[in-house]
Amino acid sequence: MSHITGLSTARLLAERDIRLSEEQQRWMDGAICRLENNEPLQHVLGYCEFYGRKFKSDGRALVPRPETEELVDWITSMHNAQCTMHNLNILDIGTGTGCIALSLAKELEGAKVWAIDISTEALSLARENAEMLEARDVRFVECDILRECEKIKGCYDVIVSNPPYVRECEKVDMEANVLDYDPHTALFVSDDDPLVFYRAIAEFALENLAPNGALYFEINQYLGRETCDLLIGLGYKNVELREDINGNARMIKATL
């Protein structure tokens with residue numbers, strides 16, 4: 001109702017008699033039908049709110065989650081002062097809508113951000129969001145981190161990723177609005193090797209992090225200890241595991 005009328009939630013609750021035009025009512029009827037079919041609200045509206053900004057949202061990429069905002073907040077708080085001293089080089093692996101890369105580009109003034117994804121469709125959505133948010137210092141690259149890294153080799157102050165981490169065995173616990181509408185390539189990993197992306201990214205970062213650079217991950221809440229052990233085994237130091245607002249192990253930071 002707020003979306004279609006342009007009225008705030010408070011105004012809608014205060015008004016006793018709100019009348020919709022025929023066009024508005026048709027849109028509302030269609031929206032209700034889509035919601036009853038478990039389509040995400042963000043797809044129905046065509047956008048989502050993330051870290052204080054609107055992002056286009058549709059079936060080309062995962063709907064950004066509130067937990068990922070916490071990861072962005074951690075990175076900005078840790079590197080804001082550093083950004084004032086020199087331009088940060090940031091790499092976002094598996095960018096999806098571009099919510100992490102674009103938020104960091106807007107928050108960390110002067111940062112140069114590279115964002116990669118294996119999905120052509122996801123990158124097209126991310127580019128649309130970059131244009132809408134006027135984030136001109138973000139470069140998008142189509143790349144499979146498991147197979148081809150030559151085109152993104154560099155010297156990055158921050159490497160961040162929210163890669164696929166849901167095990168196949170966890171499908172039974174997922175809501176239909178996620179399972180039926182979010183791209184499965186951005187969600188699932190095999191039960192046999194659920195840390196495949198973390199291993200590949202961490203090995204890439206060994207050679208491409210700048211001195212004093214930092215690696216950040218969003219993780220599967222059930223695999224926090226295993227992900228920390230993987231990083232420690234590869235030689236990372238200062239491995240820090242953080243919980244999200246719901247008390248779930250959700251984020252990791254590590255340095256070399």
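Contact here means heavy atoms within 4.5 Å. By this criterion, and leaving aside neighbours within four places in sequence, Arg 53 is in contact with Cys 48, Ser 103, Lys 106, Glu 107 and Leu 133. Arg 53 lies in strand 2, which covers residues 53-56. Because its relative accessibility of 18% is under the 20% limit, Arg 53 counts as buried. The structure described is a predicted model.

The protein chain contains ten helices and eleven strands. For 256 residues, a compact globule would have a radius of gyration near 18 Å, and the 20 Å of the protein chain agrees with this. Taken along the principal axes, the C-alpha atoms fill a box of roughly 65 × 45 × 35 Å. Of the 256 residues, 47% are buried. Among contacts in the protein chain with a separation of 6 or more, 62% are accounted for by residues 24 or more positions apart. The accessible surface comes to about 13,200 Å², and carbon and sulfur atoms contribute 47% of that area.

Helix 3 (residues 22-36) has 15 residues and reaches 21 Å from its first C-alpha to its last, close to the 21 Å expected at 1.5 Å a residue. Helix 3 is followed by Asn 38, which has a positive phi near 70°. Helix 9 (residues 196-208) has 13 residues that should span 18 Å at 1.5 Å a residue, and the 19 Å between its end C-alpha atoms agrees. The buried residues of helix 9 include Phe 197, Tyr 198, Ala 200 and Ile 201. Further along helix 9, Ala 202, Phe 204, Ala 205 and Asn 208 are also buried. The cover over the buried residues of helix 9 includes strand 3, strand 6, strand 8 (188-189), strand 9 and helix 10 (224-233).

Ser 161 lies in strand 6 (residues 156-161) and is buried, with a relative accessible area of 1%. Apart from neighbours within four places in sequence, Ser 161 is in contact with Asp 92, Ile 93, Ile 201, Tyr 216, Phe 217 and Glu 218. Ile 201 is one of the buried residues of helix 9.

Tyr 216 is also touched by Ile 75, a residue of helix 5 (residues 66-85). Ile 75 counts as buried because its relative accessibility is 0%.

Two buried residues lie in loops. Thr 97 is placed in the loop between strand 3 (89-93) and helix 6 (99-107), and its relative accessible area is 2%, so Thr 97 is buried. Beyond residues up to four places away in sequence, Thr 97 touches Phe 55, Lys 56, Ala 61, Leu 62, Pro 64, Leu 102, Leu 125, Ala 126 and Asn 129. Thr 97 and Leu 62 are 35 residues apart in sequence, with a C-alpha to C-alpha distance of 7.1 Å.

Ile 219 lies in the loop between strand 9 and helix 10 and is buried, with a relative accessible area of 0%. Not counting residues up to four places away in sequence, Ile 219 touches Tyr 165, Tyr 198, Gly 224, Thr 227, Leu 241, Ala 249, Arg 250, Met 251 and Ile 252. Among these, Tyr 198 is a buried residue of helix 9. Ile 219 and Val 166 are 53 residues apart in sequence and 9.1 Å apart in space, C-alpha to C-alpha.

Glu 134, in the loop between helix 7 (120-133) and strand 5 (138-142), has a phi of about 55° although it is not a glycine. Asn 212 is placed in strand 9 (residues 209-218), and its phi, near 70°, is a positive value in a residue other than glycine. With a relative accessible area of 73%, Asn 212 is exposed.

Conventions
Residues numbered from 1 in each chain as written. Predicted model: local features only at pLDDT ≥ 70, side-chain atom pairs only at ≥ 80, totals over all residues. Heavy atoms only, no water. Helix = DSSP H or I, 4+ residues; strand = E, 2+ residues; numbered from the N terminus. Buried < 20%, exposed > 50% of the residue type's maximum accessible area, 1.4 Å probe, protein only. Rg over C-alpha atoms; globule rule 2.2 N^0.38 Å. Areas by Shrake-Rupley, 256 points an atom, 1.4 Å probe, with all protein chains shown as cover. Expected span 1.5 Å × (residues − 1).
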